[in-house]
Amino acid sequence: MSYQSELVAMPNGLNLDEVRLKFLEGLALARLRKSILYTGAATLAGDVDLALADCTTTAFTLTLPAAPVDGDHYEFMKLDPTANVLTIARNGKTINGATADKTIATQFGTLRLTWSAAANTWASR
């Protein structure tokens, strides 16, 4: 039984139940963001999207994964106002084709990186 209203035009001639199913299939494919607060050095795992860094006590390094998968993305944010710097280490890869690590020195400074297998580099966005 369909609950489709005459006032609702469904895309591609689908009925309301089919639209609900497509929506749920899309949710299953959606990548939910996972954030972790770091207070010291660590190597990121593939399930972290947002790396929040509190460098209040000391400067430290977060290292990107050694074997990224195409489309992997990470966002880094330094939360504290101290002069301690957050370093993002490349782990043998490049960032925008360069062989230098990235740093964030300001409070609420951010860096977004996505792995591009075709370009074989972390691309900032």
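Predicted model: local features only at pLDDT ≥ 70, side-chain atom pairs only at ≥ 80, totals over all residues.
Strands of a sheet pair through backbone hydrogen bonds, in either the parallel or the antiparallel sense. Strand 1 runs parallel to strand 3 (residues 50-53), and the two pair over 4 bridges. Within this pairing, Y38 has A53 of strand 3 as its bridge partner. Strand 3 is also parallel to strand 5, again through 4 bridges.

Strand 5 spans residues 73-78 and is mostly covered, with 5 of its 6 residues buried. Its pairing with strand 8 (residues 110-116) is antiparallel and comprises 5 bridges. H73 stands opposite T114 in strand 8.

T114 is partly exposed, because its relative accessibility of 21% is not under the 20% limit for burial. Beyond its sequence neighbours up to four places away, T114 touches G71, D72, H73, T121, W122, A123 and R125. G71 is 43 residues from T114 in sequence, yet their C-alpha atoms are 5.9 Å apart.

Side chains of opposite charge can pair when their charged atoms come close. The model holds 3 salt bridges. One joins E75 to R112, with the closest N and O atoms 3.1 Å apart. E75 lies in strand 5 and R112 in strand 8, so this pair ties together parts that are 37 residues apart in sequence. E75 is buried, at 12% relative accessibility. R112 is partly exposed, at 37%.

A salt bridge also links K78 and D80. Their closest N and O atoms are 2.9 Å apart. Both K78 and D80 are buried.

R90 and D101 form a salt bridge as well, at 3.3 Å from N to O. Both residues lie in the loop between strand 6 (86-89) and strand 7 (102-104). They are 11 residues apart in sequence, so the contact ties together separate parts of that loop. R90 counts as buried, with 17% relative accessibility. D101 is partly exposed, with a relative accessible area of 39%.

Definitions and conventions
Residues numbered from 1 in each chain as written. Heavy atoms only, no water. Pairing = 2+ DSSP bridges. Buried < 20%, exposed > 50% of the residue type's maximum accessible area, 1.4 Å probe, protein only. Contact = heavy atoms within 4.5 Å. Salt bridge = Lys/Arg side-chain N within 4 Å of Asp/Glu carboxyl O.
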